[in-house]
Amino acid sequence: MALPVEEWRRSAARCWAALEPALKERLAAAPLGEVLRVGCGYLRPEEAALQKLCGRARTGKEPAAARFYREEGNRRFGRCCYRDAVRLYSQAAAHEQPRSPGVALCFANRSAALFQLGCFEVCLEDIARAESHGYPDKLLPKVLLRKAECLLHLGRLQDATETLTAVENKMATDGIMTSPIHHTLLKKLSQLKNKVREESCPNPAQEAHGDVQRESEIWEENGSISGASSSLSLNFNPERGRHLVASQDILPGQNLLKEKAFVSVLCPGEGDSLLLQNSSETVWDTQVTNADLYCHHCLKQLLASVPCSGCSYAKYCSQNCADVAWEQYHRTECPLGALLLTLGVFCHVALRTVLLAGFSEVSRLVEQLHDDDKKDLCNAEAGGKHPSEALDTRAGTEDIPGCNDNGQYQSSYQAVFNLLPHVEKHSPEHKFLCMLSVVAICKKLQENGLEAAVLNRESSATGSEQKVCEKTSDELCPELMIMAEAMLRHVLQLQCNAQAITVMQELESGDGAVVNKKPMRLATAFFPVLSLLNHSCSPNISVSFSGTAATVRASQPIPSGQEIFHCYGPHRCRMRVAERQQLLSQYFFECRCQACLDELESDVKSVSMRNSFCCPSCQASMQVGEDTLCCSNEACALSVSRGRLSRRLLDLQQQMEKALELLRDSKADEAIRMLLKCQMDARNFLSPEHLLMGELEDHLAQVYATLGKWQEAARHLERSIQFVEMHHGPSSVEMGHELFKLAQILFNGFAVSEALSTIQRAEEILSVHCGPQSTQIQELQEMKTCLLELPRSILQRT
């Protein structure tokens, strides 16, 4: 959720509507600093409503929630659903107070689930956490025996022996117990000691922990643009602004840019269970969101999370990430969790940006901006021009905004600050909403006494420094006003410069033989160098992400002198030109890329036909109308309302989702019947080339693969691939992902020759878009190696 919750947007709209027309005009034309000074007092009437909205966000430590998640975890563990149990114990731990018996119990329970999953290294980490948080002494022998088993599995015999000795000594010290539990422990202890003695020649099979260290791709870095290849140059002109151009011929798959996000904030996910309908609700559910699946600092996928000690929301992949996040920004954000969830990701990114930059750098750039504005105003008045016109032409290729004193464009706060906010192009109502939201954050910081953390000062500030922030509730201290101005600038920048960090998230299918994935928005970030790329509906690069880092590769040959183009979302393969232009209006420009110009000139209808309806009566194509669609067959001439067909399409999509739920519940036969019925219904009113027809084939392939019917699965997936090629192109990354799935199916079905040719096609495409060291390429190479090692007689037969 990029923007604030809908209720807060409505409150801000009512407040704006009540303002006097003269004040509206003043706020609409004023610089950001003046907007904040004038509008600061308008938050007070809305504070109660905002506080009520924040009450819906459950980010604190709640014992009731901890009990619920721990008990639900125990139930899932009892049903052998160990991965679900791990996540539930993690949620329980997030709601327990640190250093409490409750959190120690959560870590111990989670270690048991991790042991069952074979995650022995992580299991050992949880056992250590349980001990450090004060796990009950009387229960310790059971956990220590689990530790010894992990060490034994990892081949660490000496450590296992020492742990078993410690268990034996502890049980002896506690006295001989005759309960059935202690008899079980003594039996287990004896078994493990015998196993240690038997392991005279250990062959440790340690699990992979973290990413495999692979050889980096060799390239020559640009001396003027941080993280960029030497094959790029930075240009500037008033019409296109800052942009990157090929300084030499570039080949497909060539690495052009590697950049770590200056700042990134995890998106909580749609339907986040942290945001309840009203503050009186106390129902907890087991819904899993991004907040439970990914580290809030480095965005690494979580297995056993480390919770924040102050809130239940932030979770990390390691204690190191938790410590770094706390030091850099989370100690300030932690008390504001509910407010930040209510005000949306853009406000959160803006706050974290200034926290990472530091008050000194923020203050320097804000003051420099004020000085530049004064100079531009004087120059404009002297030349009879409006200040905005002066700004448009002040920078040439020798003075590109965002570059440092040495003329280098770096992935720095200075580069972020100089991204265009388009202040004059945002609607006055939107600027007012953003202003109220930023003021709400800064007032909360001031009320909570967090100025020291925000301004990078020691908490024990001198009396004179503390007096600076002694203002009435309608005012912000001067330092926070500077931070607020920078934050408001960043919120406005994000509409055009926010970069979605996406991942290919694995979908649950009930079977692990074929991995089905789809792209999912994980986080919102500022990438100042990546932001240099202008948009095209037919881009010449592909962007992939690993944690908080972006990698840009050429997706086609780029001749020297050609601009490097990114796609901001609307792609020529996915929608027609009118739809693309409408979506791109949020970026304050009319797209004049070659794809749009060609389509406008030739009046191409191919994309719209591939997503259109057909006549429910005779299956002829329907002629496009505003509210009514007419059959193109004159003999039929049936007219149907667009709304009716759209509702039918929505119902069909819901039926498809129900079929996938049946598959997740291991009811594959029922899922097939429902999908085949959906396919018959779709043929009655959708064009044969409609993208949903391809989705149905993909889902049928998924179900047959779950049943191990590899030939049927391959047949349906090959049909799905035809739709993907039609919509996205033969060399698209979408095509690569589908071919990867087909390779898995053919591999499992022992169709050796077909699998090898499919692997080769998938490798060629995915190496261009994702690089030769990507996970999918590695898996494809492993499959190929396995197939090629088969006996020659088998290869000849297949």
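Predicted model: local features only at pLDDT ≥ 70, side-chain atom pairs only at ≥ 80, totals over all residues.
**Overall content**

The protein contains 33 helices and 15 strands. Of its 798 residues, 50% are buried. Where contacting residues in the protein are at least 6 apart in sequence, 66% of the contacts join residues at least 24 apart.

**Two helix pairs**

Two packed helices are described by the angle between their axes and the distance between the axes. The table gives these values for two pairs.

| Pair | Residues | Angle | Axis distance |
|---|---|---|---|
| H30 and H31 | 733-748 and 752-770 | about 150° | 8 Å |
| H1 and H19 | 6-17 and 428-447 | roughly 115° | within 9 Å |

H30 and H31 pack at about 150°. Angles over 145 degrees count as roughly antiparallel, and H30 and H31 are therefore roughly antiparallel to each other. The crossing of H30 past H31 is left-handed. On the H30 side, the residues that meet H31 are Val733, Met735, Gly736, His737, Leu739, Phe740, Leu742, Ala743, Leu746 and Phe747. On the H31 side they are Glu754, Ala755, Thr758, Ile759, Arg761, Ala762, Ile765, Leu766, His769 and Cys770. By class, the contact of H30 with H31 has 14 nonpolar, 4 polar and 2 charged residues.

H1 and H19 cross at roughly 115°. Angles of 65 to 115 degrees count as roughly perpendicular, and H1 and H19 are therefore roughly perpendicular to each other. H1 passes H19 in a right-handed crossing. H1 contributes Trp8, Arg9, Ala12, Cys15 and Trp16 to the contact, and H19 contributes Pro428, Glu429, Phe432, Leu433, Leu436 and Ser437. The residues in the contact of H1 with H19 divide into 8 nonpolar, 1 polar and 2 charged.

**Two loop residues with positive phi**

Most residues other than glycine have a negative phi, and most peptide bonds are trans. Cysteine 80 has a positive phi, near 65°. Cysteine 80 sits in the loop that lies between helix H5 (63-78) and helix H6 (82-95). With a relative accessible area of 49%, cysteine 80 is partly exposed.

Phenylalanine 750 also has a positive phi near 65°. Its place is in the loop between H30 and H31, the helices that pack at about 150°. Phenylalanine 750 has a relative accessible area of 45% and is partly exposed.

**Valine 454**

Valine 454 belongs to helix H20 (residues 451-454). The relative accessible area of valine 454 is 3%. Buried means under 20%, so valine 454 is buried. Setting aside its neighbours within four places in sequence, valine 454 is in contact with Thr332, Leu355, Phe359, Leu445, Leu480 and Met483. Valine 354 is 100 residues from valine 454 along the chain, and the C-alpha atoms of the two are separated by 8.3 Å.

**Annotated spans**

Two spans carry names from UniProt. In an unreviewed entry, UniProt annotates residues 295-334 as "domain: MYND-type". This span is 38% helix and 10% strand, and its end C-alpha atoms lie 15 Å apart. Thr332, one of the contacts of valine 454, falls within the annotated residues 295-334.

The annotation "coiled-coil region", also from an unreviewed UniProt entry, covers residues 642-669. Over residues 642-669 the chain is 89% helix and 0% strand. The end C-alpha atoms of residues 642-669 are 34 Å apart.

How values were computed: Residues numbered from 1 in each chain as written. Heavy atoms only, no water. Axes fitted to C-alpha atoms, helices over the stretch in contact; angles between N-to-C directions. Helix = DSSP H or I, 4+ residues; strand = E, 2+ residues; numbered from the N terminus. Parallel < 35°, antiparallel > 145°, perpendicular 65-115°, else oblique. Left-handed = near helix turned anticlockwise from the far one by under 90°. Contact = heavy atoms within 4.5 Å. Nonpolar A, V, L, I, M, F, W, Y, C, P; charged D, E, K, R; others polar. UniProt positions renumbered as here; feature names shortened; annotations may be inferred. Buried < 20%, exposed > 50% of the residue type's maximum accessible area, 1.4 Å probe, protein only.
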